[in-house]
Amino acid sequence: MNITITPESEWLSSNRLSASDMDSESLSDMEDAKPPVHPVPQMQGAFEESMMETLNESEDAESQDRMSMVDSVSRRKMLLEQDEYQRTVAGRWKQRPGEQFHPLWKLVAQISFGMHLLQQGLAKSDEEVIKILQTHVDEIDGFLERTTEDFDLAQGDIDERIRYLKLPLEHGSVFDTMLNDRNFRMAIVEGNEKIEHIIDRTAAAMNDSLKDVQKGLDATRELAKYLTRVDKQWDERTEEHDSVYLAMIGNTEGWTRAFLTLQSKGNGLRRALVQLGGIVAEMQRRAGAASRKNL
């Protein structure tokens with residue numbers, strides 16, 4: 001999926017309060033214009049930053065979009081084969097240097113602003129606002145699906161390595177005897193170095209993803225609070241508006257559960273990495289002991 005932050009000009013052009021024609025405004029006029037007040041004060045900064053990003057779109061946006069479409073197997077392969085750890089595989093979802101707000105915060109800020117336009121009757125076209133809202137919902141769903149795939153793939157990989165490496169230690173005396181062979185010892189040491197690399201890279205990506213998940217969870221909780229508050233203020237909503245509102249309530253509940261599930265998956269992966277690290281350390285200890293014995 002081509003993950004992009006919908007330009008704020010689309011929101012503004014759907015807002016009756018933006019009296020001037022957006023097509024006739026110069027870029028400098030837009031940069032100098034005072035940004036709309038966001039209905040959720042905690043999201044004002046994220047909303048403004050996303051507006052500025054639209055006006056000053058980065059040159060690498062297209063490459064980030066392409067990276068966001070890479071499948072989970074390819075993402076893991078790239079993660080493990082990079083010379084140095086970089087969040088290249090994160091695509092649109094990484095918080096870049098200089099950004100104050102996480103992409104998920106900016107996305108949720110746009111969703112809540114779109115709901116604000118509908119609730120206040122400020123939209124030129126409800127249909128266009130609803131279309132943009134659906135795009136953003138799909139983007140968050142895509143993030144959750146992508147992160148779930150990455151965690152599940154990493155967990156399966158680490159679990160398989162644990163099962164494979166536990167076998168020699170379950171037959172310790174046989175393994176120790178085999179370690180008397182220098183070539184076998186060297187193969188074990190080299191193999192362990194590769195495993196340690198996999199552990200380090202997996203842990204780094206996991207920690208970054210869990211930071212993303214926490215940001216998404218925090219933003220979703222703020223959105224849920226706003227929706228609860230606006231329900232009491234939205235007395236005369238149409239049947240279509242009611243359907244959108246109820247769907248968005250369902251989305252926030254589903255996203256909250258999904259983010260919490262991802263946190264659980266991350267914690268499970270962390271435990272598996274610790275277990276695998278312990279196995280590697282024990283194999284290294286035995287290899288070292290055999291090496292010293294055969295000097």
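In which helix does Gln-155 lie? Gln-155 lies in helix α7, which covers residues 126-170. The structure is a predicted model, in which local features need pLDDT of at least 70, side-chain atom pairs count only at pLDDT 80 or more, and totals for chains, interfaces and linings use all residues. Residues are numbered from 1 along each chain as its sequence is written, and side-chain values use heavy atoms, with hydrogens and water left out.

**Overall architecture**

The protein has ten helices and zero strands. Helices (H or I, at least four residues) and strands (E, at least two) are DSSP runs, numbered from the N terminus. Along the sequence, the pattern reads α-α-α-α-α-α-α-α-α-α. Of the 295 residues, 44% are buried. Here, buried means under 20% relative accessible area, exposed means over 50%, and partly exposed lies in between (1.4 Å probe, protein chains only). The accessible surface of the protein comes to about 15,600 Å², and carbon and sulfur atoms account for 50% of this area. Accessible areas come from the Shrake-Rupley method with a 1.4 Å probe; for residues, only the protein chains shown count as cover.

Contact means heavy atoms within 4.5 Å. Among the contacts with a separation of 6 or more, 82% involve residues 24 or more positions apart.

| Residue | Helix | Relative accessible area | In contact with |
|---|---|---|---|
| Gln-119 | α6 (residues 103-120) | 13% | Val-230, Gln-233 and Trp-234 |
| Gln-155 | α7 (residues 126-170) | 19% | Lys-265, Gly-268, Leu-269 and Ala-272 |
| Thr-252 | α10 (residues 239-293) | 2% | Thr-220, Leu-223, Ala-224 and Leu-227 |

Gln-155 counts as buried because its relative accessible area is 19%. The C-alpha atoms of Gln-155 and Lys-265 are separated by 8.4 Å, although the two residues are 110 residues apart along the chain.

**Salt bridges**

Side chains of opposite charge can pair when their charged atoms come close. A salt bridge is a side-chain nitrogen of Lys or Arg within 4 Å of a carboxyl oxygen of Asp or Glu. The whole structure contains 15 salt bridges.

One of them joins the side chains of Glu-81 and Lys-77, at 3.1 Å from N to O. Both residues lie in helix α5 (residues 72-81), four residues apart, which is about one turn of the helix. Glu-81 counts as exposed, at 52% relative accessibility, whereas Lys-77 is partly exposed at 48%.

A salt bridge also links Lys-106 with Glu-99, with the closest N and O atoms 3.5 Å apart. Both Lys-106 and Glu-99 are buried.

In helix α10, Arg-286 and Glu-282 are separated by about one helical turn because they are four residues apart. Their side chains meet in a salt bridge of 2.9 Å, N to O. Arg-286 is buried at 19% relative accessible area, while Glu-282 is partly exposed at 23%. These two residues also belong to a network of salt bridges that includes Asp-176 and Arg-285.

**A charged patch on the surface**

Which residues gather in a patch of negative charge on the surface? They are Glu-190, Glu-193, Glu-196 and Asp-200. Patches are made of residues with over 30% relative accessible area and no salt bridge; like charges are joined within 9 Å, and nonpolar side chains (Val, Leu, Ile, Met, Phe, Trp, Tyr) within 5 Å. Lys and Arg count as positive and Asp and Glu as negative, while His and the chain ends are not counted. The place of a charge is taken as NZ of Lys, CZ of Arg, CG of Asp or CD of Glu. Glu-190 is found in helix α9 (residues 182-231) and is partly exposed, at 45% relative accessibility.
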